[in-house]
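Student: I have a model open and want to learn how to read it. Can you take me through the features one at a time?

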2 protein chains.
Amino acid sequence: MTSTPMADLWPTLPGADTRPEAAYRLLQAAVESFAERGFHATTTRDIATAAGMSPAALYIHYQSKAALLAEISQAGHAATLALVREAVSGEGGPVERMRRLVEQFTAWHARARTVGRVVNYELHALPEDAYAVVAALRLDIEREVSALIGQGATAGDFQVSEVRTAARAVTSLGIDVSRWYTDRSTETPEELGRRYGELVLRMLGARI
Amino acid sequence: MTSTPMADLWPTLPGADTRPEAAYRLLQAAVESFAERGFHATTTRDIATAAGMSPAALYIHYQSKAALLAEISQAGHAATLALVREAVSGEGGPVERMRRLVEQFTAWHARARTVGRVVNYELHALPEDAYAVVAALRLDIEREVSALIGQGATAGDFQVSEVRTAARAVTSLGIDVSRWYTDRSTETPEELGRRYGELVLRMLGARI
DNA sequence: TCGCTGACTAAGCGCTTGCTCAGCATGGTG
DNA sequence: CACCATGCTGAGCAAGCGCTTAGTCAGCGA
């Protein structure tokens, strides 16, 4: 279910990630548990048991429970920013690029909803230094989206009165997907992405 | 700051609410603390201290920490549903009512963002019976929005391919406001509401 | 065969948690 | 005055928390 998105974040290619398999299992268990119950309601025993180990084994691979959260949050944000950058700097005009951005951003938040929940809703539990890193990544994401809307507006492709508000709305729609999307949702992540793409383009006043 | 929305949820009119003032103070402290740190990271000592009491005093007014959360969540959802019903069943055509709905829904989630965070992001911490009540209220909210979009679509005022997806997007936009809106936001809740109203109407294909 | 290393566990430490309870001050009532 | 209900506190209990420690054991190079 979430194995594909997880693999996207922490590549298991030989040489690309030297992390032992046990550390990877702990990471996966932590994502699942943090997403379902939240960071503070998750115990180190939960994570270790789900990874098939004793609680003490966690501390061989990670400094603390919070370090696990920091790792997940930073990798998740980095992956999201990469996705956004790829769409924004891709081929085509503002309309085409915005459509691709929303499609990918939305589909990612549906597909990787467990990681997405940790990334977007457990920020307050991050240690201060990890939070600073993540906050910078979030700002970058917002700036990329704003820049694309700005380009479209000056090119006459979009009609928006406030670029920042429009950018907020676009990212907001995608982020919130990770809150409500479930296994039982009838739309596939890709279908949802296409539909949200349409809605956003109309919202931005694009003639389509 | 949040005192006005709080008063909306738990009226202090003489006779309307027989709750002792101390219980009200505990409620307010709990909302603030749950919103900032989350339910599980909040201790009963946090709440009691913020309300100017010893931890034991909490249990004179509420059965448990979870009972406080249940009270907040149910009152918050009830208030939101009332707001939605008032807008949906108000005067005017679908376009006019949708604009008012989004304006009010958005402004509420900005103004009452502390309550809003508890309402939308602490559902998983609710005891099972309280969750059932709240889930029913959430379903009602979604149904009201869907019904209005459906009306507008059949009347030819909206162009939407999937009513459910469109309804999701509309409520999603409003809910997510409680996540990101802060004291430092430059837009007032009402300004934000008006702008989101415009964006949503365009998203729904209304000719405006 | 040997000593060493890295991954792991059983046990448990010190602390915090949600919650309880005996008792105290207050103010209204006979 | 006595009486008691009410609202609260100080002290503290049992359980559970994150994390540590001492020790086990398979695998490996010399």
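Student: Which way does α8(A) pass α9(A), in a left-handed or a right-handed crossing?

Tutor: Start with the rule: a crossing is left-handed if the near helix is turned anticlockwise from the far one by less than a right angle, and right-handed if clockwise. Here α8(A) passes α9(A) in a right-handed crossing. Helices (H or I, at least four residues) and strands (E, at least two) are DSSP runs, numbered from the N terminus. This is a predicted model: local features need pLDDT of at least 70, side-chain atom pairs count only at pLDDT 80 or more, and totals for chains, interfaces and linings use all residues. Residues are numbered from 1 along each chain as its sequence is written, while chains are lettered from A and ligands numbered from 1 in the order in which they are written.

Student: At what angle do α8 and α9 of chain A pack?

Tutor: Two packed helices are described by the angle between their axes and the distance between the axes. Axes are lines fitted to C-alpha atoms, for helices over the stretch in contact, and angles run from 0 to 180 degrees between N-to-C directions. In chain A, α8 (residues 128-154) and α9 (residues 163-180) pack at about 120°, with axes 9 Å apart. Angles under 35 degrees count as roughly parallel, over 145 as roughly antiparallel, 65 to 115 as roughly perpendicular and the rest as oblique. α8(A) and α9(A) are therefore oblique to each other.

Student: Which residues make the contact of α8(A) and α9(A)?

Tutor: Two residues are in contact if their C-beta atoms, placed from the backbone, lie within 7 Å. From α8(A), the contact residues include A:I141, A:V145 and A:I149. From α9(A), they include A:V163, A:A167 and A:V170. For classes, Ala, Val, Leu, Ile, Met, Phe, Trp, Tyr, Cys and Pro count as nonpolar, Asp, Glu, Lys and Arg as charged, and the others, Gly among them, as polar. This contact has 8 nonpolar, 3 polar and 2 charged residues.

Student: How do α2 and α7 of chain A pack?

Tutor: α2 (residues 21-37) and α7 (residues 113-121) of chain A pack at about 65°, their axes 8 Å apart. That makes α2(A) roughly perpendicular to α7(A). The crossing of α2(A) past α7(A) is left-handed. A:V31, A:E32, A:F34 and A:A35 of α2(A) meet A:T114, A:V115, A:R117 and A:V118 of α7(A). By class, that contact has 5 nonpolar, 1 polar and 2 charged residues.

Student: And in chain B, at what angle do α6 and α8 cross?

Tutor: The axes of α6 (residues 94-111) and α8 (residues 128-154) of chain B cross at roughly 150° and come within 9 Å. That makes α6(B) roughly antiparallel to α8(B). α6(B) passes α8(B) in a left-handed crossing.

Student: Which residues are closest to DNA strand C?

Tutor: A residue is near a strand if its C-beta atom, placed from the backbone, lies within 6 Å of it. DNA strand C is surrounded by 16 residues, and the closest are A:S54, A:A56, B:T43, B:A56 and B:S64.
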